[in-house]
Amino acid sequence: MATDNEGLFDAADYVRPALSGFEPYDPAFTPCKINLSANENTHVMPPGFVEQLRCAATSVSLNRYPDPMANELRNELALRHGVSRDMICVGNGGDELLFNLLFAFGGAGRTLVTCPPDFAEYANFATMCDTPVVRIPRDPETFAIDEDALVKAASTAALVFLTSPNNPTGNLLEAEVLSRLLTETKALVLVDEAYVEFAASDASFVSWLAEHPRLIILRTLSKAFGLAGLRVGYVLAHPSVINQLAAIRQIYSVDVVAQAVALAAVQSRKLLKPVVADIVAERDRLANELGEISGIRIWPSEANFVLVRLPDAARVRTRLRDEFSILVRDFSSTPGLEGCLRITVGTPEENNHVIHALRDLSKEWSV
Ligand code: PMP
């Protein structure tokens, strides 16, 4: 028999203060024919790649616990990046690793510096981990980082999170900014390279790890590898950073199927080259064609999405969904991104639908 007055009970009254006000994540997903809202890879993957993954998925024993550190996968990732295995920690998607970095190195009195607009989870996870956030906003026109303000803020911070290419603005982190942070401050500096496979081949900062022990790189299999559902990401960093992450992680967060499939995917990564090349070519075509529609402002992107500014963005997003069955991400209420939508690069057919739909809608706003 319940002794409490159930009507008055609310678990929110019991929740840890840092967590009050958080709501369950709602991706605002509506079933649509074309979903270009989450920067996933929508291309059909090469049959050889799919076959390797299928074999790997069916070869594991589910009655055994996973290897906590996913060492076979770490070995392959170490080969991929030319680093030693002790410089890699695998996680349940990049999200888990971002959270764990804040859990390990943040906390009361240890500031995280970010450069919004950026990936919203940085600030959310920081708040959950009692970590104060100092925001150094990007230039509203170019989304360039305010280098001096960032270095100044970072000089008293524990952590800096930067994204290259940045989500949702698509631009790369400039080497000069990173160099100054690593030489002029003592902060741990994370460069989130979730989308780096879509940028020029020399865009990654992984080669800087050998010289800079406070540099941390985040990678994921959710984007170029087309494995967002598998939930595998990893951090590359100095072995002592990896040790700290290993000490606090949920020991079995990367399950046996995820480890086996991720290993097969990384081993077969050469098969993905044509897919990534096609996404990059389609991104440039999408950007060109959208840029020609009157009323649309588009920023150059090095990732698998484009950011556009257009009249009445929130309504356009709803009309794309309801009249054209196309889902894109509305950023129009994010500070610095007024009037902006983010559109993931889809297949050529999906992109054609987006272009035609926006051409149609633009007839109304250009009169
Ligand atoms: N970093 C950035 C910049 C992202 O956009 C995302 C996902 N949207 C992530 C990290 C996390 O990706 P995942 O958890 O799927 O690896």
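Tutor: Just after helix H4, Asp130 has a positive phi of about 60 degrees. The model is predicted, so local features need pLDDT of at least 70 and side-chain atom pairs count only at pLDDT 80 or more, while totals for chains, interfaces and linings use all residues. Residues are numbered from 1 along each chain as its sequence is written, and side-chain values use heavy atoms, with hydrogens and water left out.

Helix H4 spans residues 121-128; helices (H or I, at least four residues) and strands (E, at least two) are DSSP runs numbered from the N terminus. Its buried residues are Glu121, Tyr122, Ala123, Phe125 and Ala126, where buried means under 20% relative accessible area, exposed over 50% and partly exposed in between (1.4 Å probe, protein chains only). Their cover, by contact (heavy atoms within 4.5 Å), includes helix H3 (93-105) and strands S3 (112-114), S4 (133-135), S5 (159-163) and S6 (188-192).

Next, the cysteines. A disulfide is a pair of cysteine sulfur atoms within 2.5 Å, and the count by this rule is zero. Cys340 counts as buried because its relative accessibility is 0%, whereas Cys55, at 43%, counts as partly exposed.
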